[in-house]
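Reader: I have a few minutes and one model to look at. Please take me through one part closely, then tie it to the rest.

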Amino acid sequence: MTIDEIQNDIVDEFSDVDDWMDRYGMIIDLGNSLPEIEEKYKTPDHLIEGCQSRVWLNADLTPEGKIHYTADSDAIIVKGIISLLIQVLDNQTPDDILKADLHFIDDIGLSEHLSPTRSNGLLAMVKQMRLYALAFQAKQNMQ
């Protein structure tokens, strides 16, 4: 699926739920279903700067040229947010990730329902995921 198709599915899923407490519940459930990140990635090198909570993110380039992200957080809502981002960007090419307009964040109303510190953390997570994509893109272009 393309990034836009995945985003549209998320928007459809969230549009069925009007109450923001229920939407937070959905986000928490997503975080709870996030696959475990390997302990070797729970290091300061993998911590995302700019997040109030601790968020660890790792990315690997698959032989098919797609990025596989794994992550974890010590905060349940933040873990759900990174899970949403992974759902959208995982298994995509570096080029597609760098070109992506992550409209689902605004479309589901997430950005307006986050505290300023969580909004900063969300931006930091997106930035780090794009930095991984940029690094893998540069590596591919050198080959």
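Reader: What is the volume of the largest pocket? Show me what lines it, then move on to the strands and the charged pairs.

Author: This is a predicted model. Its largest pocket has a volume of about 150 Å³.

Start with the lining. Leu102, Ile105, Asp106 and Ser111 are part of it, along with Ser119, Leu122, Leu123 and Val126. Two helices matter here: α5 (104-107) and α6 (116-142) each give the lining at least two residues. The largest share comes from α6, with four residues.

Now the strands. β1 covers residues 55-61, and five of its seven residues are buried, so the rest of the structure largely encloses this strand. β2 is mostly covered too, with six of its seven residues buried. The strands β1 and β2 (residues 67-73) run antiparallel, joined by seven bridges. Leucine 61 has isoleucine 67 of β2 as its bridge partner. Aspartate 60 stands opposite histidine 68 of β2. Together β1 and β2 make a hairpin, with five residues between them. In that turn, look for glycine 65, whose phi is positive at about 85 degrees.

Next, the charged pairs. The whole structure holds five salt bridges. Arginine 54 pairs with aspartate 74, their closest N and O atoms 3.3 Å apart. Arginine 54 is in the loop between α2 (20-32) and β1, while aspartate 74 is in the loop between β2 and α3 (76-89). The pair is 20 residues apart and links distant parts of the chain. How open are these side chains? Arginine 54 has a relative accessibility of 45%, so it counts as partly exposed. Aspartate 74, at 47%, is partly exposed as well.

Buried means under 20% relative accessible area. Aspartate 72 comes out at 6%, so it is buried. Lysine 79 comes out at 15%, so it is buried too. This bridge does not stand alone.

Lysine 42 is partly exposed, at 28% relative accessible area. Exposed means over 50%. Glutamate 39 is at 57% relative accessibility, so it counts as exposed. Lysine 42 has a further contact: its charged end sits over the ring of tryptophan 56, 5.1 Å from the ring centre.

The structure holds one aromatic pair.

To recap the part you asked about: the largest pocket, about 150 Å³ in volume, draws the largest share of its lining from α6. On the strand side, β1 and β2 form a hairpin, and a salt bridge joins arginine 54 to aspartate 74.

Notes:
Residues are numbered from 1 along each chain as its sequence is written. This is a predicted model: local features need pLDDT of at least 70, side-chain atom pairs count only at pLDDT 80 or more; totals for chains, interfaces and linings use all residues. Side-chain values use heavy atoms; hydrogens and water are left out. Buried means under 20% relative accessible area, exposed over 50%, partly exposed in between (1.4 Å probe, protein chains only). Two strands pair if DSSP finds at least two bridges between them. A salt bridge is a side-chain nitrogen of Lys or Arg within 4 Å of a carboxyl oxygen of Asp or Glu. Rings of Phe, Tyr and Trp (its six-membered ring) pair if their centres lie within 6.5 Å; planes under 30 degrees apart count as stacked, over 60 as edge-to-face and the rest as tilted. A charge sits over a ring if NZ of Lys or CZ of Arg is within 6 Å of the ring centre and within 35 degrees of the ring normal. On a 1 Å grid over the protein atoms alone, a cavity is a set of points where a 1.4 Å probe fits but cannot get out, and a pocket is an open set with protein on both sides within 12 Å along at least five of seven lines; lining residues have an atom within 4 Å of a point. Grid points are joined across faces, edges and corners, and a volume is the space filled by probe spheres set on the points.
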